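I opened a new notebook page for this model.

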Amino acid sequence: MTQNIITCEQVSKRYGRKTALDQLSLSIPEGSITGILGPNGCGKSTLFRSLVGLVQPDAGRIEVLGQQPGWRTNAGVAYLPDRAHWYPNDTVKHALDWGQTFLPGFDYERAEQMAEYMDVDTDMRVSGMSRGQEARVMLIMCIARTAPLIILDEPFAGIDVMSRESIVSGLIDLLEESHQTVLISTHDIQEVEALFDYTVMMNAGQAIWAGDSEQLRAEYGSLHQVFKTMYTKGRIKS
């Protein structure tokens, strides 16, 4: 029987008058590579911040790795936020050295291999990075960890389409071997949907569909087509 690595029950979060999460109920199976899909503003980032304890819900219950999110769970969670903060004089190697010192489960050799695969020069300074190069470094820092749960918030933003396809191909091989659970939020689905074996569709702070990706593909075609149907032609029946 498949265990759930994440469980959310009736989770709500408001920022003033804006509702970010609206009685969200959701379970993520352990060992899955799950796509959290939805338009900008649907609650994906707030959900992820709640899963790592950076945001406290106003109501509801969240369980990650069998516990309430916080310092006890974060050693087992590798989290990539939608933007990182760097010191301008840091190099990529400085970032890897920092990861080895401070990030639980950071595999330096794995990080170096990924940097070579993604064509990232480890002597490059942060101040000279393009947005796409920065996105690659952020992805390396997160994926290099052997944490049981990896949470990636828009990890391919800024990476060109051709590079994205190559990176996704490499990630499929790497993650299938590692048996880690991975959550990936994105609204750019077409190039990355091959990663997902479980899919969650979000809108207005709620999970409006969750299930096996192959079930969606069998019934509606590609996940990209599902997304278009869901958000432009009306809700898909679960």
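**Entry 1. Cavity.** I sorted the lining of the largest cavity by residue type and got three nonpolar, two polar and three charged residues. The model is predicted, so I read these as computed values. The lining consists of E154, P155, F156, A157, R164, S185, T186 and D188. I computed about 40 Å³ of space inside the largest cavity. My search of the whole structure gave one cavity of 30 Å³ or more.

Entry 2. Next I looked at the second largest pocket. Its volume came out at about 240 Å³. I listed 18 lining residues, with N40, G41, K44, S45 and D153 nearest the centre. Two elements give two or more residues to this lining: β2 (18–29) and α1 (44–51). By type, I noted five nonpolar, seven polar and six charged residues around the second largest pocket.

**Entry 3. Cores.** I turned to nonpolar packing. Nonpolar side chains tend to be buried together in soluble globular proteins. Which residues touch the most other members of the largest nonpolar core? I found L139, L152, F156 and M201, out of 50 residues in that core. Helix α5 (residues 131–143) gives the largest share, eight residues. There is also a second, separate core of 23 residues; C8, L21, L26 and V64 are among them.

I then took L152 on its own. Leaving out residues up to four places away in sequence, L152 touches F48, L80, L139, C142, I143, V182, L183, I184 and S185.

**Entry 4. Positive phi.** E154 has phi near 50°. E154 sits in the loop between β6 (149–153) and α6 (161–178). Is E154 buried or exposed? E154 is buried, at 16% relative accessible area.

I placed A204 in the loop between β8 (198–203) and β9 (206–212). A204 is partly exposed, with 48% relative accessible area.

**Entry 5. Salt bridges.** I counted six salt bridges in the structure. Side chains of opposite charge can pair when their charged atoms come close.

I started with R61 and E9, whose side chains meet at 2.9 Å, N to O. R61 lies in strand β4 (residues 59–64) and E9 in strand β1, so this pair ties together parts 52 residues apart in sequence. R61 is partly exposed at 34% relative accessibility, and E9 is partly exposed at 38%. I also noted a network of salt bridges that links E9, R61 and E63.

T7 was my next stop in strand β1 (residues 4–15). T7 counts as buried, at 14% relative accessibility. Beyond four places in sequence, T7 touches L26, S27, R61, I62 and E63.

Next came D97 and K93, a salt bridge at 3.1 Å, N to O. D97 and K93 are about one helical turn apart because they lie four residues apart in helix α3 (residues 92–102). D97 is partly exposed at 26% relative accessible area, and K93 is partly exposed at 39%.

R217 is buried at 19% relative accessible area. The cut-off for buried is under 20%, so R217 falls on the buried side.

Methods: Residues are numbered from 1 along each chain as its sequence is written. This is a predicted model: local features need pLDDT of at least 70, side-chain atom pairs count only at pLDDT 80 or more; totals for chains, interfaces and linings use all residues. Side-chain values use heavy atoms; hydrogens and water are left out. On a 1 Å grid over the protein atoms alone, a cavity is a set of points where a 1.4 Å probe fits but cannot get out, and a pocket is an open set with protein on both sides within 12 Å along at least five of seven lines; lining residues have an atom within 4 Å of a point. Grid points are joined across faces, edges and corners, and a volume is the space filled by probe spheres set on the points. Ala, Val, Leu, Ile, Met, Phe, Trp, Tyr, Cys and Pro count as nonpolar, Asp, Glu, Lys and Arg as charged, and the others, Gly among them, as polar. A nonpolar core is a set of buried Ala, Val, Leu, Ile, Met, Phe, Trp, Tyr and Cys residues joined through side-chain atoms within 4.5 Å. Buried means under 20% relative accessible area, exposed over 50%, partly exposed in between (1.4 Å probe, protein chains only). Contact means heavy atoms within 4.5 Å. A salt bridge is a side-chain nitrogen of Lys or Arg within 4 Å of a carboxyl oxygen of Asp or Glu.
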